[in-house]
Amino acid sequence: MDIFGISSQALFGQLLLGLVNGSFYAILSLGLAVIFGLLNIINFSHGTLYMFGAFVALLGLNHLGMNYWVALVVAPAVVGLLGVVIERSMLKRLYQLDHLYGLLLTFGLVLIGEGIFRYFFGVSGASYAVPESLRGGVDLGFMFMPLYRGWVVAAALVVCFVTWWVIERTPLGATLRAATEKPLLVQALGINVPVLVTTTFGAGVALAAFAGVLAAPIVQVSPGMGANLIIVVFAVVVIGGMGSIAGSIVTGLGLGLIEGLTKLVYPAGSAVVIFVVMIIVLLFRPAGLFGKQA
Amino acid sequence: MDSSIAATAASPLSARPTRRWGWGWVALVALGLVLPFVVSPIFVMKVLCFALFASAFNLLLGFAGLLSFGHAAFFGGAAYVCAALSKCVGLTPELAILGGAIFAAGLGAIFGALSIRRAGIYLTMITLALAQLVFFLAVQLPLTGGEDGLQGVPRGKLFGLIDLADDHTMYFFVFAVFCAGFWLIHRTIHSPFGQVLSAIRANAPRAISLGYDVARYKLLAFVLSATIAGVAGAMKALVFQLASLTDVDWHMSGEVVLMTLLGGLGTIFGPAVGAFTIVALQNELADKVGPWVSVIMGVIFVVCVLAFRRGLVGELMALRGSRRETMNERTNRTANAL
């Protein structure tokens, strides 16, 4: 079956790959947006913590025999705790200052994290085997779907939906949104805002680590995997705007699809297409697709 | 409380015009003339290139309050253009550098026009993404030599007359360009234009209500900063006879932020001091600790942000300021007692 001279296997295969990438964009930009909402800090180290997540899974498997499913829980927990330490020891000192200091501090953390991992694991890193139960694939008629890719998209959608639900539909989320708007007032109502802030940061980076474990079997687990991704995610955030949780998810997935399609039509452009989309959005809708004009 | 990023810097620069820095300038020029005979001229040239780069960056962050994380694109882009003009077209070095600077100015106009549509943190992310776009172009375009970069770039003859192959001759050319660039930045900061930039940084709504076209001022600051960063990058390409992907990589954008922050945001000499410190550190540490250099840079970053936001020069000035204050207090007390 051909569509515009492109076999349906190639078309849907690339679209699926695009959705997989889009899933990572969605989870990471979601985390960035949640953290930015409450802490007013853009976490540059988000990509590095994503890389940490992947390495926790890899090291756990190699040294402790920790299987993939356990890693999916353990890595976010470990990285979330690390996030709590980072927030308590460093970030909390910056809340009174310009947002840009948060970005600079977390950029310093990127250099530290990447440097340490590069020392121990080299530039190239190692690969992580696809878990036994998710190997192979299914024939859907119009395409052959590798099971693991399907699983990544499904898992990402569930995680995104749960995050959206918690923030938009639960009392906890309501408190969180209130604290985003008026932290002092919420504090006056007897809610411990600093604890809320710390927890949010921990949860946000735990999301990044979860994405890291999901990514481990499809990308090479290497010290540089986070930095390259985070710059694209920044572009995604600029395109979508950080105003809406659902907006982050939709933008992330949509851009992944666009990237996948570009790979099919004009492979050389796939690395830059998201930046080009960003330029177009800035020209015609400077506030971003889901953003409010500041 | 003014918590804006440049507010930590030594405040009103305008209050004390150029005369305050008179001795600083003399010392700087004297140091520049003697230094290449004491240490390796290549090292000093590297410092000068990065000092100019950081000073250009500081013009944007320290005075206009705009944090660009994409300055590597101007620095590296100009390095590529200059290298190509010198190597493939055979232009003389001053024309090659001019070509690099014009390219950087154009790039700066594009980056500026796009990024000032958003403020604060978004502006930073936009510049970073645009610089990454330039990086990918540098990887993919056939002209740039991909992973190898442009190697063996000839330094050429200055004005077609003076051969720059000798390191000392090259040094004095680089030093002259550095002084010109540094002086231009200094003049810009103390010009009415620079004052308006500071006003915009301190209180943009007020600047708008006073009738200033804020977007135009920001854009102009962007172009100027990019152009001078481009001159620095173009010179670096001639000094090392190499333009490579390292020059356009995002680490380079981070490095220039670190130099400026460490030296002292919004101070005249801070970025140069920061550039010297970082380049010297990297030179010293590179063979000893290898990959840990990145970790050390990261630690310096974190320490600067947490505890040392005024930077080396800023702290020094604050120290002098506070001493002057205590002396004033003492004088006052004496006066009161009398």
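Tutor: Let's start with a pair in chain A: H5(A) passes H10(A) in a left-handed crossing. Left-handed means the near helix is turned anticlockwise from the far one by less than a right angle, and right-handed means clockwise. Keep in mind that this is a predicted model, where local features need pLDDT of at least 70, side-chain atom pairs count only at pLDDT 80 or more, and totals for chains, interfaces and linings use all residues. Residues are numbered from 1 along each chain as its sequence is written, while chains are lettered from A and ligands numbered from 1 in the order in which they are written.

Student: Which residues of H5(A) and H10(A) meet?

Tutor: From H5(A) there are A:Cys160, A:Thr163, A:Trp164, A:Ile167 and A:Glu168, and they meet A:Ile245, A:Ala246 and A:Ile249 of H10(A). Contact here means C-beta atoms, placed from the backbone, within 7 Å. Helices are DSSP runs of H or I with at least four residues, strands are E runs of at least two, and both are numbered from the N terminus.

Student: And by class, what are the residues in that contact of H5(A) with H10(A)?

Tutor: Six nonpolar, one polar and one charged. Ala, Val, Leu, Ile, Met, Phe, Trp, Tyr, Cys and Pro count as nonpolar, Asp, Glu, Lys and Arg as charged, and the others, Gly among them, as polar.

Student: New pair. At what angle do H2 and H8 of chain A pack?

Tutor: About 50°, with the axes of H2 (residues 46-64) and H8 (residues 193-215) 7 Å apart. Axes are lines fitted to C-alpha atoms, for helices over the stretch in contact, and angles run from 0 to 180 degrees between N-to-C directions. That angle makes H2(A) oblique to H8(A); under 35 degrees counts as roughly parallel, over 145 as roughly antiparallel, 65 to 115 as roughly perpendicular and the rest as oblique.

Student: Is the crossing of H2(A) and H8(A) left-handed or right-handed?

Tutor: Right-handed. The contact of H2(A) with H8(A) has 14 nonpolar residues, three polar and no charged.

Student: What about A:Ala75, where is that found?

Tutor: In helix H3 of chain A, residues 68-89. Its contacts, leaving aside neighbours within four places in sequence, include A:Gly53, A:Val56 and A:Ala209.

Student: Why does A:Ala75 count as buried?

Tutor: Because A:Ala75 has 30 C-beta neighbours inside 10 Å. Buried takes 20 or more other C-beta atoms within 10 Å, exposed is 12 or fewer, and partly exposed lies in between, with C-beta atoms placed from the backbone.

Student: Last one: how do H11(B) and H12(B) cross?

Tutor: Their axes come within 7 Å and cross at roughly 115°, and the crossing of H11(B) and H12(B) is right-handed.

Key:
Contact = placed C-beta atoms within 7 Å.
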